[in-house]
Every structure is written in structure tokens, then in C-alpha cells.
Amino acid sequence: MRAAIVEAPGKVTVTTVPDPAPGPRDVVVSVASCGLCGTDLHILQGEFAPTLPIVPGHEFAGEVVGVGRDVTELTVGDRVAVDPSLHCHECRYCRNGRGNLCERWAAIGVTVPGGAAEYAVAPVANCVRLPEHIDVKDAALIEPLSCAVRGYDVLSSTLGAEVLIYGSGTMGLMMLELAKRTGAAGVDVLDVNPERLATAGLLGCSRSAARADELDRPAGWDVVIDATGNAAAIQDGLGRVAKGGTFLQFGVADYATTAVIEPYRIYNQEITITGSMAVLHSYERAAALFASGVLDPSVFISDRLPLDRYPQALDRFKAGIGRKIVVEP
């Protein structure tokens, strides 16, 4: 089969590799679409993945074409989206229901071969069968949506909150859509990319701007979400939280990124600073939301490229071109 492989930091190729075989409780998925995200850029940089080479791709969906001997839940021909999370279920975090913090954390497309290939293997427990009305080529959006759902689980948002989101890429736009549906009184979006900012307007944000200074809210916002991982955005956002408000670090920053906090202000104004890591008990709910039409795939997916152009797809994503970019083997 054909697969993209990150061979070494900064080097990705598309080549022929052996077809995968399922274990007893695995299925083989013929990949219909595989999304790119910031994690893939970190893997390309040599971060996140414990060892290289690796077949990336943790956002994917497709059709079951093979099943392990002990699989009864799915059959060949079923269309599925795949939760990439691989938790050990044994460490203290897994036992406490916090598998996304697993001491042996692993994921399809990060630590084991993923969906940037013609075929991928996944545990049957990680697969969600798709309803007939869903186009399987759009269903790669379910994984990032499940991360956004997890973010809102962490926020425990209150009705009538004023929300500020840094970044209008895929994740920022998904957080916008969820904020609108969780009772926010207003959702403002910031981005230096005019094209992406225009999409936030199309999706119904309250206000949009390149900088928070352009928006008139001197008291700050009840909820501030960083969906960029950019140091300057994070630093600015920390200073925009209203009294009693919450700052959510949602974007994936480089390991070396730092920000300065003001401990007295955090204490005196009862500000919460928190984070959201990947997927946790949120994939099935994201699949249900997706099936209900919470996202418009035609808005979110800007580029569909063949698998052989995976390196070029990464280049486009790194350059900030478009929104969600998917490859279709």
C-alpha cells in the first residue's frame, strides 16, 4: 500500500509499505480521508512521536475491509470514524478516568502507524460506525471536533459568558461553533489571517479583529481560549481574562514556549488557567454532534489532496493556507 512516512525530523515521503494485518480485536480500515493538524507539524519537527519513522494521521475515517478473529461488533463494509487514543488502562490516570493523561500515552498516527495511508489498523473499540447520511470523506472532522468537545468539558461554561477565541483555524472555528451552542452571550474571534477571520464571520462570530485592542471590552472576557499555540497570542490572552474568568490553553504550543503569569492577579481576581489535552470520553459525543449537522464540512474542509501530495499538504498547512486540509488516498 501507499503511505506517507515521517522518516526523520523535517523529512516526509510517500512510499510503498506492506499492507497491515489486524490483531484479534483489530479492524483494517480503507482510509477515505485523513486530516492534517498542528500535531502533525510537531511530529514532523521530531516532537511527540517517541520514535521515527512513523506513518502520521490521527484524524481519519473509512470503510472496514478486514477484521480480526475476535471482532463481532463490526463487519466488512461498515463505515467508521476512528478515535486514535490508545490508553494503557492500568496507570493511576487511566484508573481515575483520565486516560488522556495516561503515563504510557499513545495514539494511532503518533506512536503507531496512522491514517495517512491507503489502509490503517485500529482496535475495534476505537471505531464508531457512521450513519448512512454521513459522507465518510467528511468524517475525518470528527476527531478534531472530539478535542473541542473535551475543551468545553474542561470549561464547564456558564450561560451568558462573553468568549474570546485566539485563532480561526479549524480548532478555533470549532470552538466558536460549540460556544454558540453552549449559551455564550457573545463570541469574539481574533486572527491575523484575513481569510480565516472572514470564515469566523461567515459562521456567526459576534466580532472579529486582528488584535484584541480593536475590540471594546476593557473589563475583559469571561472565557479566553487560545487555539493558536502562539506565544504572543497566549501572553496577550492571559491579560484579557475578566475577574472570575477562565483562560483555556487549547492550542498546541512548542515544547519551549513560555508565558508570564501574574500570581497576585490570579489570586485576587480568582482567575482560572487550565488546559485541554486531546480526547477524553468525547469521541462518541462528537460523532453524534457531527451527525446532527453541528459543522458544515463544506466550510471547514478547504483542501482535498491525493495522498501522494501529503508533503505539499503539510507545506500548505504550515503556511496557514486554507482551513482543514485532508488527504484522500
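Modeller: A pocket, on a 1 Å grid over the protein atoms alone, is an open set of points with protein on both sides within 12 Å along at least five of seven lines. Please keep in mind throughout that this is a predicted model.

Colleague: What volume does the second largest pocket have, and which residues are the closest to its centre?

Modeller: The general idea is that rolling a probe the size of a water molecule over the atoms shows where empty space is left. Here the second largest pocket has a volume of about 330 Å³, and of the 19 residues in its lining, those closest to the centre are Asp83, Ser85, His87, His89 and His281. Two elements, strand E6 (85–86) and helix H8 (283–291), each give two or more residues to that lining, which as a whole divides into eight nonpolar, eight polar and three charged residues.

Colleague: Turning to the strands, in which sense do E1 and E2 pair?

Modeller: In a regular strand the side chains alternate between the two faces of the sheet. In this model, strand E1 (residues 2–8) and strand E2 (residues 11–16) are antiparallel and pair over six bridges, with Val14 of E2 as the bridge partner of Ala4. The two strands form a hairpin with two residues between them, and in the turn Gly10 has a positive phi of about 85°.

Colleague: What is the strand order in the open sheet of six strands, and which are its edge strands?

Modeller: The order is E12-E11-E10-E13-E14-E15, with parallel pairing, and the edge strands, each pairing on one side only, are strand E12 (207–209) and strand E15 (272–275). From one strand to the next the twist averages 15°. Within this sheet, strand E13 (residues 221–226) pairs with E14 in the parallel sense over five bridges, and Ile225 stands opposite Leu248 in E14. Helix H6 packs on the sheet, where it touches strand E10 (162–166), E13, E14 and E15, and its direction makes about 155° with that of E14.

Colleague: Where is Arg240 found, and what does its side chain join in a polar contact?

Modeller: Arg240 lies in the loop between helix H6 (231–238) and strand E14 (241–249), and a polar contact of 3.1 Å joins its side chain to that of Asp236. Leaving aside residues up to four places away in sequence, Arg240 also touches several others, including Leu164, Tyr166, Trp221, Val224 and Arg265.

Definitions and conventions:
Residues numbered from 1 in each chain as written. Predicted model: local features only at pLDDT ≥ 70, side-chain atom pairs only at ≥ 80, totals over all residues. Heavy atoms only, no water. Helix = DSSP H or I, 4+ residues; strand = E, 2+ residues; numbered from the N terminus. Polar contact = N/O pair within 3.5 Å; in protein donor to acceptor, adjacent residues only side chain to side chain. Contact = heavy atoms within 4.5 Å. Pairing = 2+ DSSP bridges. 1 Å grid on protein atoms, 1.4 Å probe; cavity = no way out; pocket = protein on both sides within 12 Å on 5 of 7 lines; lining within 4 Å. Points joined across faces, edges and corners; volume = space filled by probe spheres on them. Nonpolar A, V, L, I, M, F, W, Y, C, P; charged D, E, K, R; others polar. Axes fitted to C-alpha atoms, helices over the stretch in contact; angles between N-to-C directions.
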